Amino acid sequence: MKSRKESLGEAWKDWLDESAPRLLAYARGRCQSAHEAEDLLQDALIKLWGYQEEREHRPPDLPLAFSVMRYLGLDHGRRKGRRDKRDQKIIQFQAGNDHWLDPTLEDTEEASMLRAEVEALPEKLREVLSLKIWGGLTFAEIGGLLEISHNTAASRYRYALEQLQKKLKHLKENEHESVTKRS
Amino acid sequence: MNQSLKDLESRLEQLSPRGLSDEGREDCHAVIESLVADEAPGQRFDWSKRHPRLVTAAAAMLALGLGSGAGWYLGVKPVAADGGELVAEVAGPEADFDQLDRKAWLITEDGPDLYVTESGEVREIFREVEVTKEVVKHLESGIVVVVETKEHHLVNSESSEF
């Protein structure tokens with residue numbers, strides 16, 4: 001029979017396996033590299049463990065985990081003074097192979113374009129999109145986390161989708177044009 | 001939301017976020033095991049492999065920080081070779097650390113001893129320990145350390161028992 005400590009450890013590891021991709025996707029919006037995002041996740045684990053002391057150290061709910069990641073991410077970003085360089089970094093992400101959406105799972109050119117365009121979205125839009133699509137949070141939870149109304153969260157989400165749609169359409173048109181010229 | 005946006009939404013859902021690297025997963029599991037075992041989180045586990053040159057510097061900084069603190073506690077300020085106080089060194093290490101968590105609590109070690117003063121006042125005397133547990137991170141290196149300090153106080157106060 002497993003001891004309480006063993007069960008607790010397994011519960012946290014299961015929670016991590018399930019939640020890490022979502023949390024990392026969010027953290028990547030605030031970090032320079034996958035490596036930094038993983039470091040942020042480790043720091044968040046320590047914080048969350050402390051927060052869950054009152055709840056017998058049960059694994060935390062996702063909104064709390066996102067909240068801690070956001071706090072640590074903001075702190076991290078502030079210290080490094082990276083905000084003004086963010087756009088430049090997004091270009092750097094794309095130039096290298098340091099993507100935060102798994103490229104091995106993309107077998108179409110469109111998926112690849114989509115990934116690149118998501119990574120190039122303005123931070124506020126990307127943040128809401130990431131929390132909704134991959135974080136699985138509701139607009140109310142996103143609103144609570146970002147300290148905005150749920151209507152604002154929903155508007156940003158919709159606007160992000162519209163931006164992506166426009167860009168994809170534009171890219172496809174360009175592609176079609178160049179194919180037509182070649183033929 | 002129109003149909004084309006809904007289609008886009010479902011295409012996005014198919015793009016999975018990247019998971020932890022094998023190394024990252026091992027590190028996180030090690031942190032969890034350490035936390036569950038109710039031990040100090042200690043060092044970030046992959047850290048020395050990733051930034052080996054900074055290990056010594058961070059350890060030195062930490063030692064300096066703790067050494068300075070201990071010096072103050074003992075009432076002996078660190079003194080430079082020329083006799084001047086090492087003010088810069090005392091203030092410096094603190095700025096390089098980020099406090100992740102802090103808890104403090106009091107423990108009463110012995111039961112109070114009662115005594116009567118010459119003027120007839122009943123007073124009690126007891127020993128109190130102030131325990132502070134801090135989780136700090138060295139900003140440059142990322143090393144996470146739990147620092148526990150104990151300060152012993154002798155409390156001498158008027159007794160409320162009589």
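A:E56 is exposed, with a relative accessible area of 51%. In this predicted model, A:E56 lies in the loop between α2 (34-51) and α3 (62-80) of chain A. A:H57 is placed in the loop between α2 and α3 of chain A too, but A:H57 counts as buried, at 16% relative accessibility.

- Most residues other than glycine have a negative phi.
- A:E56 is not a glycine, yet its phi is positive, at about 55°.
- A:H57 is not a glycine either, and has a positive phi of about 60°.
- Is A:H57 buried or exposed? Its relative accessibility is 16%, and buried means under 20%, so A:H57 counts as buried.
- For A:E56 the value is 51%, and exposed means over 50%, so A:E56 counts as exposed.

**Helix α6 of chain A**

- Helix α6 of chain A covers residues 123-133, and eight of its eleven residues are buried.
- Because of this, the helix is largely enclosed by the rest of the structure.
- Which residues of α6(A) are buried? They are A:L125, A:R126, A:E127, A:V128, A:L129, A:S130, A:L131 and A:I133.
- An α-helix has 3.6 residues a turn, so residues three or four places apart point the same way.

**Extent of the contact between chain A and chain B**

- The contact takes 47 residues from chain A and 38 residues from chain B.
- The size of an interface is often given as the accessible area lost when the parts come together.
- Chain B and chain A bury about 4000 Å² between them.
- Of this buried area, 62% is on carbon and sulfur atoms.

**Polar contacts and salt bridges between the chains**

- How many salt bridges does the rule find across the interface of chain B and chain A? It finds two.
- One salt bridge joins B:R25 to A:D17, with the closest N and O atoms 3.4 Å apart.
- Seven residue pairs are in polar contact between chain B and chain A, counting pairs with both residues at pLDDT 80 or more.

**The side of chain B that touches chain A**

- Four elements of chain B, α1 (3-13), α2 (22-36), β1 (97-108) and β3 (122-138), each supply at least two residues of this side.
- Which element gives the most? It is α2(B), with ten residues.
- By type, the residues of this side divide into 19 nonpolar, 13 charged and six polar.

Key: Residues numbered from 1 in each chain as written. Chains lettered and ligands numbered in written order. Predicted model: local features only at pLDDT ≥ 70, side-chain atom pairs only at ≥ 80, totals over all residues. Heavy atoms only, no water. Buried < 20%, exposed > 50% of the residue type's maximum accessible area, 1.4 Å probe, protein only. Contact = heavy atoms within 4.5 Å. Buried area = accessible area lost by both parts, 1.4 Å probe. Salt bridge = Lys/Arg side-chain N within 4 Å of Asp/Glu carboxyl O. Polar contact = N/O pair within 3.5 Å; in protein donor to acceptor, adjacent residues only side chain to side chain. Nonpolar A, V, L, I, M, F, W, Y, C, P; charged D, E, K, R; others polar.
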